[in-house]
Each structure stands twice: as structure tokens, then as C-alpha cells.
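Please walk through this structure chain by chain. Keep the sequence and the 3D view side by side as you read.

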Amino acid sequence: MNAPLLVADCVSKSFGTRRVLTAGSLRAQAGEVRVLLGRNGIGKSTLMKIAAGVVQADAGTVRLDGRAMLSPSLPVLARAGLFYLPDHDILSPRVPLGTQLRLFEQRFAGRSAEEAARLADVTHFWAAQPSALSGGELRRAELALALSRRPRCLLADEPFRGIAPVDHDRLSAVFRQLAADGCAVVITGHEVHSLLAVADHVTWCTSGTTYELGAPATALEHEAFQREYAIGVQL
Amino acid sequence: MPSAASRLIPLRLLAVRALWAYPALRALIAVVAAFTVTATGREDAAFESPVGVVIIAMLVGAFDVRRRGESLLWGNLGYSAFVPPAVFGLVAVLGELLLATMRA
């Protein structure tokens with residue numbers, strides 16, 4: 001197996017007196033969809049933000065292509081191929097979707113905006129303002145941005161949150177498409193069935209640290225993971 | 001690999017916004033300056049200095065991106081948080097140069 005593309009290694013982070021992460025690690029592997037699972041408030045989003053350069057860790061390192069970055073920031077990582085999808089909207093609400101897709105196409109010369117819109121099934125929203133889209137449509141539109149960027153690494157925080165189950169399959173198809181293109185995909189969330197269905201690898205975040213549990217079937221055999229998080233979940 | 005020119009193309013969106021914001025800002029500052037002079041009777045136009053206008057324009061640029069919730073959008077495009085204020089500032093510099101030329 002090749003070395004991970006993006007690694008947030010052994011990071012710790014506190015907010016005031018509350019320590020969220022003690023020694024959490026996140027690894028993004030090219031061509032794989034990895035899911036980061038864990039209870040609410042356990043530090044999944046914080047770990048992802050640290051890996052994306054949106055939040056600075058108190059300790060630990062972020063490495064891209066094996067190179068340690070002293071103070072990683074999203075713009076620097078984005079220029080190197082990262083796309084970060086936060087758990088809230090990133091599209092400008094009043095700028096037509098097509099215009100925003102063009103920004104990524106022109107900036108990075110990745111995939112054509114039209115093709116990205118087609119793959120994410122948002123072609124009919126081309127002229128629409130994101131403020132007029134529903135939750136599921138908005139998520140697909142945001143993934144169209146990622147497709148247009150043709151990122152080397154995608155970090156998506158709770159992409160299935162608040163959307164209808166029928167849209168889960170469409171989003172999962174986009175994640176699989178990105179991984180098939182060689183992108184390293186890491187996603188979080190609580191929609192365990194949808195996440196395990198799309199995952200190649202499971203990372204469990206608990207008690208301020210992370211455990212690499214391997215493939216979904218192997219992860220579900222992990223007694224503590226089953227007991228503390230994935231009660232009754234089956235593939 | 002995108003060319004240097006193509007890397008700048010997305011900034012047109014910011015430049016267009018700055019082109020709308022600058023005249024409005026300039027007019028507002030002129031009105032406030034005129035009102036202050038009328039109210040106080042002092043011919044103190046220091047706050048109308050070109051440098052002050054450029055700095056205010058940059059602050060408007062930073063606020064505009066924040067108000068629209070576009071920080072992560074521009075971050076994902078690879079532009080640092082200083083770029084939008086810089087574009088607004090650049091447009092203000094050009095505007096102030098144009099005004100100075102017209103006054104001369």
C-alpha cells in the first residue's frame with residue numbers, strides 16, 4: 001500500500017479547559033473512501049478541520065505527500081489538491097451555481113463545470129441560486145464543486161446530514177467516483193449504514209484518540225466499537 | 001497545470017463587487033465628510049484621505065466575504081483570507097488615482 005496522501009498525526013486540541021483530542025490521527029489514502037465514526041462531540045469534526053488547515057492543533061503534525069507542514073492552512077492545502085467540505089454550507093447563497101462551478105474550473109483546470117454538474121446530478125440547477133436549493137440538492141451542488149476541482153483529497157464533514165435517504169445513494173456514487181479517479185476521500189457522519197456501505201476503511205474516534213479498524217466488515221467485528229457505537233449495525 | 005492568468009480569473013467576481021462597492025463607499029465618505037464640516041464648521045478632511053479610503057475599502061472587502069459566508073469557498077479555491085480585501089483595496093487605489101487625475 002502507498003503512503004497516505006494526507007495525514008494528521010497524533011494531534012491534540014483543547015478548547016478552553018475542555019480537551020477534545022488527545023492523540024487523534026486521520027489518514028487519507030489515494031483511491032479509498034475512509035469513514036471517521038464516533039459519538040457527538042468526540043472530536044471528529046475538529047480532527048477533520050485540523051487536517052484541512054481550518055483549525056490549528058495544539059500538538060501533532062499535518063503531512064501532505066509525506067512533507068510536514070508547520071502551519072497548515074486551507075488555501076495552501078487547497079492549492080496542493082485538497083477540497084474541504086464542512087458540515088455547513090460553503091456555496092455563496094446568491095451567486096448562481098454555474099458561476100461558482102466555473103470558478104473552480106477556471107482556477108484549477110480540473111473537470112469541466114458541465115461534466116461536474118452532470119456527475120452530481122445538478123445540471124438543472126445551473127442557473128439557480130444555492131439559497132433556493134433543498135438540503136440534498138445543496139449537498140450535491142457542493143460535491144459538484146469538488147468534482148470540478150478534481151481534488152487529490154476530499155474531506156467531507158457530515159455530508160449525509162439532514163438529507164433524504166434517497167439522496168444518500170447519489171452522494172455515495174459521487175464519493176465512489178472520486179475514489180475511482182484516485183482521490184483520497186474521508187467522510188464523517190452518523191448515518192452508519194450509508195457510511196459503511198460506501199467505505200473501504202473505518203476509523204473510530206473515541207476518548208480523544210482514534211483507532212484504525214480496517215474494512216467495514218472487520219470494524220463491525222470489533223467488540224468495543226460494536227458495544228460503544230455501532231450497536232446492532234450489520235452490513 | 002493552470003496558467004498564472006487562469007489563476008486570477010476567479011478574482012473577477014471579487015473585482016466586480018469591488019467596482020460596485022467603491023463608488024458607493026466613496027460617495028458615503030464624501031457625504032459624511034460634508035456633513036461633518038457643516039456640523040462642526042471645521043475644514044478637517046483628514047478622514048477623507050486616499051489612504052483612509054483604501055483601508056476602509058479593504059475592511060469592506062473582508063466584511064463582504066464574511067457576510068456572504070464565502071470564507072471556505074475562497075479557501076477551497078486556494079486564496080488566502082487577505083486576497084478579497086486586497087482586491088477591494090486595489091480597486092480603491094485605482095479609483096483614488098482616477099479621482100486625483102480628474103481633480104488635477
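Which residue follows α3(A), and what is its phi? The residue is A:A109, and its phi is positive, near 50°. Bear in mind that this is a predicted model. Every value below is computed from that model.

α3(A) has 12 residues. From its first C-alpha to its last it reaches 17 Å, close to the 16 Å expected at 1.5 Å a residue. Nine of the 12 residues are buried, so α3(A) is largely enclosed by the rest of the structure. The cut-off for buried is 20 or more other C-beta atoms within 10 Å. Among the buried residues of α3(A) are A:L97, A:L101, A:L103, A:F104 and A:F108. The list also includes A:Q100, A:E105, A:Q106 and A:R107.

Now step back to chain A as a whole. It has nine helices and 10 strands. A compact globule of 235 residues would have a radius of gyration near 18 Å, and chain A agrees, with 17 Å. Its C-alpha atoms fill a box of roughly 50 × 40 × 40 Å along the principal axes. Of the 235 residues, 50% count as buried.

Two loop residues in chain A deserve a look at their backbone. A:D121 sits in the loop between α4 (113-119) and α5 (135-149) of chain A. It is not a glycine, yet its phi is positive, about 60°. Further along, A:R150 lies in the loop between α5 and β7 (153-156) of chain A. Phi of A:R150 is also positive, near 50°, and this residue too is other than glycine. A:R150 is partly exposed because 19 other C-beta atoms lie within 10 Å.

A:A197 belongs to helix α7 (residues 192-198) of chain A. It counts as partly exposed because it has 14 C-beta neighbours inside 10 Å. A:A197 and A:A132 are 65 residues apart in sequence. In space, their C-alpha atoms are 30 Å apart.

Turn to chain B. Its secondary structure comes to five helices and zero strands. From the N terminus on, the order of elements is α-α-α-α-α. The radius of gyration is 16 Å, well over the 13 Å that the globule rule gives for 104 residues, so chain B is more spread out than a compact globule. The box filled by its C-alpha atoms is roughly 60 × 30 × 15 Å, taken along the principal axes. Buried residues make up 26% of the 104. Of the contacts in chain B with a separation of 6 or more, 75% are between residues 24 or more positions apart.

Start with helix α2 (residues 11-40) of chain B. It has 30 residues and reaches 41 Å from first C-alpha to last, close to the 44 Å expected at 1.5 Å a residue. In α2(B), B:L11, B:L14, B:A18 and B:Y22 are buried. Just after the helix comes B:G41, with a positive phi of about 75°.

Next, look at a helix pair. Two packed helices are described by the angle between their axes and the distance between the axes. The axes of α3 (residues 50-67) and α5 (residues 83-103) of chain B come within 7 Å and cross at roughly 145°. The crossing of α3(B) and α5(B) is right-handed. On the α3(B) side, the contact includes B:P50, B:V53, B:A57, B:G61 and B:V65. Among those on the α5(B) side are B:P84, B:F88, B:A92 and B:E96. By class, the contact residues divide into 14 nonpolar, two polar and one charged.

Finally, bring the chains together. In the interface, 17 residues of chain A are in contact with 17 residues of chain B. The elements giving two or more residues to the chain A side are α2 (74-79), β6 (82-85) and α3 (97-108) of chain A. Which of these elements gives the most? α3(A) does, with five residues. The chain A side has 12 nonpolar, two polar and three charged residues.

Definitions and conventions:
Residues are numbered from 1 along each chain as its sequence is written. Chains are lettered from A and ligands numbered from 1 in the order in which they are written. This is a predicted model: local features need pLDDT of at least 70, side-chain atom pairs count only at pLDDT 80 or more; totals for chains, interfaces and linings use all residues. Two residues are in contact if their C-beta atoms, placed from the backbone, lie within 7 Å. Helices (H or I, at least four residues) and strands (E, at least two) are DSSP runs, numbered from the N terminus. Ala, Val, Leu, Ile, Met, Phe, Trp, Tyr, Cys and Pro count as nonpolar, Asp, Glu, Lys and Arg as charged, and the others, Gly among them, as polar. Axes are lines fitted to C-alpha atoms, for helices over the stretch in contact, and angles run from 0 to 180 degrees between N-to-C directions. A crossing is left-handed if the near helix is turned anticlockwise from the far one by less than a right angle, and right-handed if clockwise. The radius of gyration is taken over C-alpha atoms; the globule rule is 2.2 Å times the number of residues to the power 0.38. The expected span of a helix is 1.5 Å times one less than its number of residues.
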